[in-house]
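The sequence and the structure come next.

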Amino acid sequence: MRDTPSKRIAIVGPGALGCLLATALCRTEREIWVLDHDSRRAALLQHSGLTLERAGRLDHFPVQVTADAKLIGPVPLVFLCVKSPALRRTLPTLLPLLTKKSLLLAWQNGIGHLPVLSGAKLPCTVVLAVTSLGANLVGPGRVRFGGKGATSLGFLGAASQDAKSALQEVAELFRMAGLEARVETNILAQVWNKLLVNVGINALTAIHDCENGELLRNGETLAVLRAAVLEAASIAQAKGISIDPDPVERTMAVCQATSTNISSMLQDVRGKRKTEIEGINGAVLEEATRLGISVPVNAALFASIQGLEKGYLSK
Ligand code: KPL
């Protein structure tokens, strides 16, 4: 028998992170539904389920997968795991899932999604989820664990007392699923802390077609990583955002912790998809231009990825 809808969680987008979170949450007694805009893939995953590869082990998880949000219906918890370029077209399709009591957790990298979410007239409460978990999609519905990482959760805008209690329960649910999670009052600082990591890792791994850990083993890439992160940190400081100290060391630590991971941007480039570059190095460049600060390394990384995208998207 199916659980009541109040136990249902909808995960939007069966990409690497969406699949990883779905498989982790299958360990709780919640009913996991995956919403996929691609109805053929949805039918395939509904039939074959999701597979997690971790430490040489394969675990299989049957989940409900559909392309029709109405089949899922209103749920208390929605994980929005599509990449930021797909956000605008995805938000209107979520309306059947959302009520004023729903929490919508947005997992996008960078900062490009913030104005889109703030400007969307959604009936629910929006939560930003910032994670350094690593995940690689190795086939439809098949995800390889790419490294442990903590997740920070915090509200995009004002939140009611009920929403605050619901978010504490989400953090508890994460712990039950074996994931590290905490609720933050200043989530914007965490968004920028993560942005700085993505600024240093994502474009460089995509340009050099290498695993995250490789950036540490090459003097040249390490110098670019350092310069890009320091430029972005200077923008955060100019904006009065209280990022954590030592952003370069933190970025290097993430490279180490996810050393065999293929960054999400490299996965996108290999899959010939639009990347999140506009919301990462592109957003740093945009903020810098507004502030009249020069960020040549971020500008060069932005231009290189746009060049790669142009090569395969125009075909
Ligand atoms: O967030 C990531 C990504 O690939 O987008 C990191 C943390 C760099 C892991 O690969």
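## Domains

The domain bounds used here come from an automatic or database domain assignment. The model is predicted. On that assignment the protein is divided into domain 1, residues 5-185, and domain 2, residues 189-313.

## Contact between the domains

The C-alpha centres of domain 1 and domain 2 are 24 Å apart. Contact involves 22 residues of domain 1 and 22 residues of domain 2. The size of an interface is often given as the accessible area lost when the parts come together. For domain 1 and domain 2 the buried area is about 1,700 Å², with 55% of it on carbon and sulfur atoms. On the domain 1 side, the residues that lose the most area to domain 2 are Lys83, Asn109 and Ile111, which together make up 35% of what that side buries.

How many salt bridges are counted between domain 1 and domain 2? The count is one. A salt bridge joins the side chains of Lys83 and Asp268, at 2.9 Å from N to O. Lys83 belongs to the group in domain 1 that loses the most area to domain 2.

## The second largest pocket

The second largest pocket has a volume of about 490 Å³. Its lining consists of 26 residues, and those closest to the centre are Ile111, Gly112, His113, Pro115 and Gly279. Helices α4 (87-90), α5 (113-119), α7 (187-208) and α12 (281-291) are the elements that each give two or more residues to this lining. The most comes from α12, with five residues.

By class, the lining of the second largest pocket has twelve nonpolar, six polar and eight charged residues. Domain 1 and domain 2 each supply at least three residues of the lining. Ile111, one of the residues closest to the centre of this pocket, is also among the residues of domain 1 that lose the most area to domain 2.

## The largest cavity

How many cavities of 30 Å³ or more does a search of the whole structure find? The search finds one. The volume of the largest cavity is about 80 Å³, and 13 residues line it. Nearest its centre are Gln108, Asn109, Ala129, Val130 and Lys194.

Strand β8 (125-131) and helix α7 each give at least two residues to the lining of the largest cavity. The largest share, four residues, is from β8. The lining has seven nonpolar residues, five polar residues and one charged residue. Why does the largest cavity lie between domain 1 and domain 2? It lies between them because both domains give residues to its lining. Asn109, which is among the residues nearest the centre of the cavity, is also listed with Lys83 and Ile111 as losing the most area to domain 2.

The structure holds 17 salt bridges in total. Side chains of opposite charge can pair when their charged atoms come close. One of the salt bridges is formed by Glu172 and Arg175, whose closest N and O atoms are 3.0 Å apart. Glu172 and Arg175 are three residues apart in helix α6 (residues 161-176), so about one helical turn separates them.

Glu180 is in the loop between α6 and β12 (181-183). Beyond its neighbours within four places in sequence, Glu180 is in contact with Gly149, Ala150 and Thr151. Glu180 and Leu133 are separated by 47 residues in sequence, and their C-alpha atoms are 9.5 Å apart in space.

Note on methods
Residues numbered from 1 in each chain as written. Predicted model: local features only at pLDDT ≥ 70, side-chain atom pairs only at ≥ 80, totals over all residues. Heavy atoms only, no water. 1 Å grid on protein atoms, 1.4 Å probe; cavity = no way out; pocket = protein on both sides within 12 Å on 5 of 7 lines; lining within 4 Å. Points joined across faces, edges and corners; volume = space filled by probe spheres on them. Nonpolar A, V, L, I, M, F, W, Y, C, P; charged D, E, K, R; others polar. Contact = heavy atoms within 4.5 Å. Buried area = accessible area lost by both parts, 1.4 Å probe. Salt bridge = Lys/Arg side-chain N within 4 Å of Asp/Glu carboxyl O.
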